[in-house]
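Here are my notes for you to read alongside the model. Have a look at the fold before going through the points.

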Amino acid sequence: METQLDFEKMDGLLPAVVQDGQDGEVLMVGFMNREAMQQTMEKGYVTFFSRTRGELWMKGESSGNRLRVLSAYTDCDRDTLLLRVEVEGPGVVCHRGTRSCFTEAVPVRQTGIEASLTREAQ
């Protein structure tokens with residue numbers, strides 16, 4: 001599979017979106033180089049490439065919250081992965097102690113139909 005993926009767009013890395021295989025919740029996003037992708041597929045557990053440390057790391061290796069790969073998909077450009085996983089351990093994926101890394105809301109300006117419907121509801 002790795003030979004079909006486009007690692008060149010981001011200097012040898014692919015974004016990998018991690019989604020709970022049971023309920024579809026997006027848990028986190030990490031990056032993989034070819035070696036991380038190969039280890040993930042061979043071992044069956046998500047391994048990322050740390051851009052800050054410059055090394056591979058298996059998610060949950062020290063915490064016990066490992067991510068067992070159920071399935072893997074690529075997007076139409078073959079430059080991003082979607083990994084559907086089962087979370088092992090207590091189920092805390094984020095280093096901040098939450099299940100998902102996506103917990104902080106960002107204000108979005110409402111436009112178009114959505115904005116008019118919101119104003120009408122007020």
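Is T47 buried or exposed?

1. T47 counts as buried, because its relative accessibility is 2% (buried means under 20% relative accessible area, exposed over 50%, partly exposed in between, with a 1.4 Å probe and protein chains only). Keep in mind that this is a predicted model, where local features need pLDDT of at least 70, side-chain atom pairs count only at pLDDT 80 or more, and totals for chains, interfaces and linings use all residues. Residues are numbered from 1 along each chain as its sequence is written, and side-chain values use heavy atoms, with hydrogens and water left out.

2. You'll find T47 in strand 3, residues 47-50 (strands are DSSP runs of E, at least two residues, and helices are runs of H or I, at least four, numbered from the N terminus). Leaving aside residues up to four places away in sequence, T47 touches M32, A36, Q39, T40, L56, W57 and M58 (contact means heavy atoms within 4.5 Å).

3. Now the core. The largest nonpolar core has 19 residues, and V18, M32, V46, F48, L67, L81 and V85 touch the most other members (such a core is a set of buried Ala, Val, Leu, Ile, Met, Phe, Trp, Tyr and Cys residues joined through side-chain atoms within 4.5 Å). Strand 1 (14-20), strand 2 (26-32), helix 1 (34-43), strand 5 (67-74) and strand 6 (81-87) each give two or more residues to this core. Strand 6 has the largest share, with four residues.
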